[in-house]
Amino acid sequence: MLEVLYNQQVGLVDGSAESGPSLAFHRKLPGYMATPMIQAPTLAAELGLGQIWVKQESCRLGMPAFKILGASWASYRALERRLGRSFDPWVALADLQTQLEPLLPLTFVAATDGNHGRAVARMAGLLGLSALIFVPTGTAQARINAIVAEGAEVQVINGSYDDAVAHAATLEGPHHMVISDTGWDGYEIIPRDVIAGYDTMFAEADEQIAALGGATPDVVIVQIGVGALAAAVVRHYRPHTANHPPTIIGVEPDSAACVFAAMRAGRIVEVPGPHPSIMAGLNAGFASPVAWPDVSHGIDTFLALPDDFARRAMRALAADGIVAGETGAAGAAGLIALMTDPECAETRTRLNLGPHTHALIIISEGATDPESYAEIVGAAPIYQCPHPENCTCRTKAGMPR
């Protein structure tokens, strides 16, 4: 069921974007280049909006989602803390491997619905480390296969994503390092670094929109799972120094709307599983306590959407030549709901959405489950990869280039 919630305590936040160090780090990783900033003119015309900017994260550092930005930066910072010092100056990742020898053997551990765990596994492989990834029951086999192809061990937990997180947390120790994008009591630094890592995409977005003659978007629509990506949006676009920040809209599946429920309760609460949404990357029962202060004060409006809006968004984006998986299409799904559903008529007026509106959405993943994508869209995904010679995001998932 579609639901809308207006934030009565929204305001400027104290947090600030931290793109400088993370962006410099990402630029040193193999295959780095800014992901494309494109437009969706067909969808914009259908919805009666002025412009829809699309930050396309379906191929980021050779992976099919943005998650590598947070996983790589958080891993790097966590390793420095484990070493007890900053890394010596380095050019290639081989230079880091040598400096990590005192920590060996070491295994990265993560829980995931697919993309974060694969990103952690990729980072472990690049650094010559091992990876152990836990996934919840029902994770698509294509996503499991992709993680295994990164050289990781994958174990299926009989339970939800939150159960997988709880299990992974028990393994922290001298030879195991948990790299999680959600936090819990006593585990806050790494999730905070994950959020900081995500700001790279928004630093790129600012430069790209300006280069294309655009201005700061009027509206940013962001998908919410545990809230890390949404917190990155808030920290970038609504710091205490901001002048006229854009309206920020958060989108969740109606069956796993943990932030929506927390906003209603005024505190973090559980949305019990199972969480069956096709927007698998957003299936979480608890908001991250690290992200909560930002999302609870920085997002203007929250949407809880049925899966049909995600399906409609995937097809609509495909008409503009944009490949988006179920989770990746959530921002477009939110726009479609806002601009077409009769239940959102008041919201459209309240948010002043119309032909003058320039919106930014993030395609946070490509077709990570290609069979599901083909079933929903009616055709196999066709990518236009900016650097296919370095790309493994499709081939390692069993998909053709």
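Which helix gives the most to the lining of the largest cavity? The answer is α9, with three residues. Keep in mind as you read that this is a predicted model.

## The enclosed spaces

Let's start inside the protein. The structure holds four cavities of 30 Å³ or more. The largest cavity has a volume of about 340 Å³. It is lined by 27 residues, and those closest to its centre are Lys67, Asp181, Gly225, Gly281 and Leu282.

## An open pocket

Now for a space of the open kind. The second largest pocket has a volume of about 290 Å³. Its lining is made of 17 residues, and Thr137, Gly138, Thr139, His275 and Asn283 lie nearest its centre. Sorted by type, the lining of this pocket has seven nonpolar, eight polar and two charged residues.

## The nonpolar cores

Next, look at the nonpolar residues packed away from the surface. The largest nonpolar core contains 96 residues. Within this core, the residues that touch the most other members are Leu79, Phe108, Leu127, Tyr198 and Val259. Helix α8, running over residues 189-211, contributes the largest share of the core, with ten residues. Another core lies apart from the largest one; this second set has 43 residues, including Val54, Leu282, Leu303 and Leu317.

Leaving aside residues up to four places away in sequence, which residues does Tyr198 touch? They are Phe66, Lys67, Leu69, Gly70, Asp181, Ala228, Leu229 and Ala232. Two names in that list, Lys67 and Asp181, are also among the residues closest to the centre of the largest cavity.

## The cysteines

A disulfide is a covalent bond between the sulfur atoms of two cysteines. How many disulfides are counted here? The count comes to zero.

Cys344 shows how this works out. The cysteine sulfur nearest to that of Cys344 belongs to Cys258 and is 20 Å away, while a disulfide needs the two sulfur atoms within 2.5 Å, so Cys344 is in no disulfide. Is Cys344 buried or exposed? Cys344 is buried, with a relative accessible area of 0%. Cys59 counts as buried too, at 7% relative accessibility, because the cut-off for buried is under 20%.

Methods
Residues are numbered from 1 along each chain as its sequence is written. This is a predicted model: local features need pLDDT of at least 70, side-chain atom pairs count only at pLDDT 80 or more; totals for chains, interfaces and linings use all residues. Side-chain values use heavy atoms; hydrogens and water are left out. On a 1 Å grid over the protein atoms alone, a cavity is a set of points where a 1.4 Å probe fits but cannot get out, and a pocket is an open set with protein on both sides within 12 Å along at least five of seven lines; lining residues have an atom within 4 Å of a point. Grid points are joined across faces, edges and corners, and a volume is the space filled by probe spheres set on the points. Ala, Val, Leu, Ile, Met, Phe, Trp, Tyr, Cys and Pro count as nonpolar, Asp, Glu, Lys and Arg as charged, and the others, Gly among them, as polar. Helices (H or I, at least four residues) and strands (E, at least two) are DSSP runs, numbered from the N terminus. Buried means under 20% relative accessible area, exposed over 50%, partly exposed in between (1.4 Å probe, protein chains only). A nonpolar core is a set of buried Ala, Val, Leu, Ile, Met, Phe, Trp, Tyr and Cys residues joined through side-chain atoms within 4.5 Å. Contact means heavy atoms within 4.5 Å.
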